[in-house]
Amino acid sequence: MKPSLVGDIGGTNARFALWRDERLEAVRVLVTADFADPQLAIAHYLAEQGLASGDIAALCLAVAGPVKGEHFRFTNNHWQFARSELAAFLHLQPADLLVINDFTAMALGMTRLRPQERLEICPGVVEEDCPAVVIGPGTGLGVGTLLPLGGGHWRALPGEGGHVDLPIATPREAQLWQALHAQLGHVRAEDVLSGSGLLRLYRALCTVDGHPALLSSPAQVTAAALAGDALASSVLEQFCVWLGRAAGNCVLTLGARGGVYIVGGVVPRFADFFRSSGFARGFAEKGSMSRYLDGVPVWLVTAEYPGLEGAGVALQERT
């Protein structure tokens with residue numbers, strides 16, 4: 001029996017795996033900059049597995065950006081493709097090629113988490129019939145919604161919640177926003193809540209407080225904060241608070257008392273700092289609606305390939 005192919009493609013990395021008997025096999029991570037388009041990356045992956053282009057039964061690609069129509073252009077890298085051309089290359093019928101938003105896949109991947117693959121950030125009790133929010137800083141800021149349908153079935157709602165306005169709640173945040181606005185104009189949540197956004201926030205804080213900006217990468221900011229540097233620590237703290245505000249806004253908008261999953265490659269790098277940060281305060285600080293956030297559980301997801309798992313679930317749910 002032919003395996004299916006699943007892919008989770010973000011701005012920086014493209015993850016591929018075979019999906020057989022409801023589990024992942026032969027996971028491989030490729031760098032998007034190394035290939036001109038996803039077709040070449042898929043051909044490279046299949047060749048590594050000793051497979052030809054006609055040896056897979058179906059394909060699900062989870063992609064970064066809004067999914068609509070025949071042509072897709074990625075939001076945060078140079079790749080693009082046409083569905084019909086990709087299906088023809090893989091000898092697939094159109095119905096056997098599924099293209100979904102990457103945070104649709106991420107949301108579906110939450111249904112396959114094991115207890116050891118998540119850390120509790122805010123305690124609470126899941127309301128089983130309510131939506132859950134999946135939010136994650138990475139190359140950009142992804143946001144998805146997971147709806148329980150009953151009977152072990154789920155629906156994930158795609159969206160572009162990372163592009164909402166950055167939430168401002170204090171005079172200090174307004175000062176930082178002004179510095180960001182002077183540089184960017186419109187300030188989206190993902191302009192701060194992403195890998196590159198962490199460096200942008202550092203530079204904005206240096207501007208506001210009159211410090212020289214000596215650090216030149218997000219990794220340097222994180223390392224300095226974890227080493228106890230006061231300036232870098234304040235940047236990372238504000239990052240966590242703003243992520244809390246963004247996540248809390250999602251819960252209020254969606255009635256998402258099914259919980260919040262923090263995903264992506266950024267936050268796990270400073271998990272201990274995050275657990276003791278002001279995230280919970282930013283999450284619950286909603287004025288007259290603050291009590292609504294009481295008891296909504298929040299987890300930091302540490303699973304290695306939840307987007308690939310979710311792409312596999314998407315293939316299952318279509319049949």
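Visitor: Which is Gly10, buried or exposed?
Guide: This is a predicted model, in which local features need pLDDT of at least 70 and side-chain atom pairs pLDDT 80 or more, while totals for chains, interfaces and linings use all residues. Residues are numbered from 1 along each chain as its sequence is written, and side-chain values use heavy atoms, without hydrogens and water. The relative accessible area of Gly10 is 16%. Buried means under 20%, exposed over 50% and partly exposed in between (1.4 Å probe, protein chains only), so Gly10 is buried.

Visitor: What does Gly10 touch, beyond residues up to four places away in sequence?
Guide: Gly10 is in the loop between β1 and β2 (strands are DSSP E runs of at least two residues, helices H or I runs of at least four, numbered from the N terminus). With contact taken as heavy atoms within 4.5 Å, and residues up to four places away in sequence not counted, Gly10 touches Thr32, Ala64 and Asn77.

Visitor: What is the relative accessible area of Gly7?
Guide: Gly7 belongs to strand β1, residues 4-9. Leaving out residues up to four places away in sequence, Gly7 has contacts with Arg15, Phe16, Cys60, Leu61, Ala62, Leu308 and Ala311. Gly7 is buried, because its relative accessible area is 0%.

Visitor: Which residues lie nearest the centre of the largest pocket?
Guide: Seven elements, β2 (13-20), α3 (102-109), β9 (132-137), β10 (141-150), α5 (195-209), α6 (218-226) and α10 (306-317), each supply at least two lining residues. Out of 45 lining residues, those nearest the centre are Arg15, Gly138, Thr139, Gly264 and Gly265.

Visitor: Where does the largest pocket lie?
Guide: Its lining draws on both domains, whose bounds come from an automatic or database assignment. Since both give residues, the pocket lies between domain 1 (4-107 + 305-317) and domain 2 (118-302).

Visitor: Which is His91, buried or exposed?
Guide: His91 is in the loop between α2 (83-89) and β7 (97-101). Its phi is positive, near 60 degrees, whereas most residues other than glycine have a negative phi. With a relative accessibility of 59%, His91 is exposed.

Key:
1 Å grid on protein atoms, 1.4 Å probe; cavity = no way out; pocket = protein on both sides within 12 Å on 5 of 7 lines; lining within 4 Å.
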